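Hi,

Here is the structure I promised to pass on. Have a look at it first, and then read on for what I found.

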Amino acid sequence: MNQASNILTLPTEPRDFGFYLDGGWIASGDREVFERASPAHGVPVTRIPKCTGDDLNAAVSSARAAFEDRRWSGLSGAERAAVLLRAAALIRERSEEIAYYETLENGKPISQSRGEVEGAASIYEYAAGAARSLHGDTFNNLGDKMLGLVTREPIGVVGLITPWNFPFFILAERVPFILASGCTIVAKPSEVTSATTLLMAEILTDAGLPAGAFNVVTGSGSEIGQALIEHNDVDMVSFTGSTAVGRRLLQAATGNFKRLGLELGGKNPQIVFADANLEDAADGVVFGICFNAGQCCVSGSRLLVERSVAAEFEALLVKKLSQVRTGDPLDPQTQVGAITTPAQAKTILRHLRGGPEEGARLACGGSVIETDAGQFIEPTLFSDVTPEMALASEEIFGPVLSMQSFGSVGEAVEMANDTEYGLAASIWTKDLDKAVATMRQVQAGRVWVNTTITGGPEMPIGGFKQSGWGRETGAYGVEEYTQVKSVHIELGERVHWVS
Ligand code: NAD
């Protein structure tokens, strides 16, 4: 990285990361390593160890000890908040380094990585406040002889499994809330994007987090991830990833009935009514499918447009999609970077080929962008899509938008809800009554009106239906990692049962 100028260069050799245990780095040693190549440039950028079962056991033991001896869980909210605030400051100090590795491993534009790192710092600041305001309840209405307390206690050791699409930001939507609650963590990042989770471990130690409160094991999902979710000394697993893997978690968690938080996939509707500001809506819809190359759980990939304006809206989209700047993510002007993994590129290409075969009409895009290195796909719009097509029902996780049309509010709602998912939805209209009526009927954990993919840590996130269980961020995001205890305190003289 050439930090003297604004132009970022590729590393001359990959950076070796160990993994993070009990407050310090453990070198790869004789463990196997993954060498991660930049999906945009093809050059190796990081080397990450494949942790063993013994490494995982050591990490869980470390988190367990840090929880049981109360070196973290026994601190006051104010003391925990101080650590989280220092962590936020250190994230800002090291923001260029974090953004650089985020872009190199993930392929997302550097401007976006910088935005996400800044956003993450601000989430740590919010969660510091949540650590101080977390509280239970009292019942002073049980009569003079009884006082009832409802206390919230941290649930214990949390296994945290994260995906590759927002490695640092998704981590920030969970870690400071889990720590704010008093729990300790064993994190398992995606094998292709582990670097910034490891950097965060070092930052938390530097911020004063006690050893063992945040450990990171690296390796594949099927081995180390699976072992983490099956581990009987882990009290809860927070998983963010595909619905398919989420389903496996349900089975794996039965050993000790661990609690599960699941943030899964989505096929999110963008509902555009004829009375919307169509220029604004088109801009939002293009952003909603191109942001992070469409590799967002909340990408607005299912466009539903009121029939009377469908042709006009399609023309607007085609114009805007062709203006999106796709290319080298290290260029600060780039808006859409590389597809993160070859497997993901293959899935997207399958849909690009399958769309016309199913009868959809390719309105624009639809091709791989030819470059010397890396995997880039044109922002794509398919029209004349019908509900039974894969384009309308499967989460493509790429810059591929499918367009259908509707004739009434009722039909729009029916189409929006015609999916196994329920993660997010956007509604575009100038009519507030229509927006609220639609919002009330749409089955989704997050609804945006006249905007999309925005928000802050104040509001909870999570899914309806097969998009998940539980909520992250906001006050809900700390409570999620607590369990509730009811305490009855009898006062005064006891009336004896045995007289
Ligand atoms: P994925 O499910 O393949 O992997 C997610 C994580 O789970 C990775 O760390 C992976 O190593 C691990 N994993 C894989 N198999 C495992 C197993 N058997 N046991 C335990 N862990 C295992 O998902 P991905 O491809 O990394 O990410 C894309 C998916 O994530 C999409 O479906 C997307 O919608 C979803 N996602 C959801 C949200 C949300 O907040 N709802 C956010 C981001 C991504």
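A word on terms before the details: two strands count as a pair if DSSP finds at least two bridges between them. Please keep in mind that this is a predicted model.

Strand 1 and strand 5 (residues 44–49) run parallel and are joined by two bridges. Within this pairing, Arg15 sits opposite Thr46 of strand 5. Helix 3 (residues 95–106) packs on the sheet, where it touches strand 1, strand 4 and strand 5, and its direction makes about 95° with that of strand 5.

The sheet as a whole is open, with three strands in the order 1-5-4 and mixed pairing. Strand 1 (15–16) and strand 4 (33–37) are at the edges with a single partner strand each, so one side of each has no neighbour in the sheet.

The other thing I looked at is helix 11 (residues 310–323). Which of its residues are buried? They are Ala310, Phe313, Glu314, Leu316, Leu317, Lys320 and Leu321. Viewed down the axis of helix 11, these buried residues fall within an arc of 165°, so they line one face of the helix. Ala311, Lys319 and Ser322 are exposed on the other side. The cover over the buried residues of helix 11 includes helix 10 (278–290), strand 14 (302–306) and strand 17 (400–406).

Best wishes

Conventions
Residues numbered from 1 in each chain as written. Predicted model: local features only at pLDDT ≥ 70, side-chain atom pairs only at ≥ 80, totals over all residues. Heavy atoms only, no water. Helix = DSSP H or I, 4+ residues; strand = E, 2+ residues; numbered from the N terminus. Contact = heavy atoms within 4.5 Å. Axes fitted to C-alpha atoms, helices over the stretch in contact; angles between N-to-C directions. Buried < 20%, exposed > 50% of the residue type's maximum accessible area, 1.4 Å probe, protein only. Arc of directions from axis to C-beta.
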